[in-house]
Amino acid sequence: MQRMTTGEGEGTGVMRAGWPYWIAGAGLVLTLVMDAPAGLSVGAWRTTGMLWLMGTLWMTEVLPLAVTALLPALAFPLLGIAKLEAATAPYADPVIFLFL
């Protein structure tokens with residue numbers, strides 16, 4: 001865990017780098033406990049939560065980008081957004097393999 005100090009002495013003014021996890025998790029949890037807005041399916045509402053989670057993790061880079069990019073393959077089946085085959089199919093696109 002990263003630690004940033006204000007330079008006033010050891011252990012004073014310490015701000016932990018764990019706050020992005022709380023912000024990212026809060027967005028996902030809110031979409032899981034709140035009802036979907038009118039006209040939006042439950043799957044789309046949960047996908048919005050994943051967008052919030054992944055966007056926060058990408059912007060703050062608290063997880064490596066490769067780990068963040070693989071989160072949908074794991075989370076979509078667990079959240080009931082898509083089946084495992086549908087969630088992992090975009091990772092097998094021939095263009096993706098071109099970059100590997």
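I start with the largest nonpolar core, which has eleven residues: Ala24, Leu28, Met50, Leu53, Met54, Leu57, Leu71, Ala75, Phe76, Leu79 and Ala87. Two or more residues of this core come from each of α1 (19-33), α2 (42-60) and α3. By nonpolar core I mean a set of buried Ala, Val, Leu, Ile, Met, Phe, Trp, Tyr and Cys residues joined through side-chain atoms within 4.5 Å. Buried is under 20% relative accessible area, exposed is over 50%, and partly exposed is in between, with a 1.4 Å probe and protein chains only. In soluble globular proteins, nonpolar side chains tend to be buried together.

Some housekeeping. This is a predicted model, in which local features need pLDDT of at least 70 and side-chain atom pairs count only at pLDDT 80 or more, while totals for chains, interfaces and linings use all residues. Residues are numbered from 1 along each chain as its sequence is written, and side-chain values use heavy atoms, with hydrogens and water left out.

Now the overall layout. The protein chain has five helices and two strands, in the order β-β-α-α-α-α-α along the sequence. Helices (H or I, at least four residues) and strands (E, at least two) are DSSP runs, numbered from the N terminus. Of the 100 residues, 22% count as buried. The chain exposes about 7200 Å², and carbon and sulfur atoms supply 70% of that; accessible areas come from the Shrake-Rupley method with a 1.4 Å probe, and for residues only the protein chains shown count as cover. Take contacts (heavy atoms within 4.5 Å): among those between residues at least 6 apart in sequence, 33% join residues at least 24 apart.

Next, α2. This helix has 19 residues and reaches 27 Å from its first C-alpha to its last, close to the 27 Å expected at 1.5 Å a residue. The expected span is 1.5 Å times one less than the number of residues. Its buried residues are Trp45, Gly49, Met50, Leu53, Met54, Thr56 and Leu57, and they pack against α1 and α3.

On the α1 side, look at Leu28. Leu28 is found in helix α1 and is buried, at 15% relative accessible area. Leaving aside neighbours within four places in sequence, Leu28 is in contact with Arg46, Gly49, Met50, Trp52, Leu53 and Leu79. Leu28 and Met50 are 22 residues apart in sequence, yet their C-alpha atoms are 6.1 Å apart.

On the α3 side, Thr68 lies in helix α3 (residues 65-79). Thr68 is buried, with a relative accessible area of 0%. Beyond four places in sequence, Thr68 is in contact with Met54, Leu57, Trp58 and Leu63.

What follows α2? Glu61 does, with a positive phi near 55 degrees. Glu61 is not a glycine, and it lies in the loop between α2 and α3. Most residues other than glycine have a negative phi. Glu61 counts as exposed because its relative accessibility is 54%.

One more loop. Gly18 lies between β2 (15-16) and α1 and is buried, at 14% relative accessible area. Gly18 and Val62 are 44 residues apart in sequence and 8.2 Å apart in space, C-alpha to C-alpha.

Last, back to α1. Val29 is found in this helix and is partly exposed, with a relative accessible area of 46%. That is all from me.
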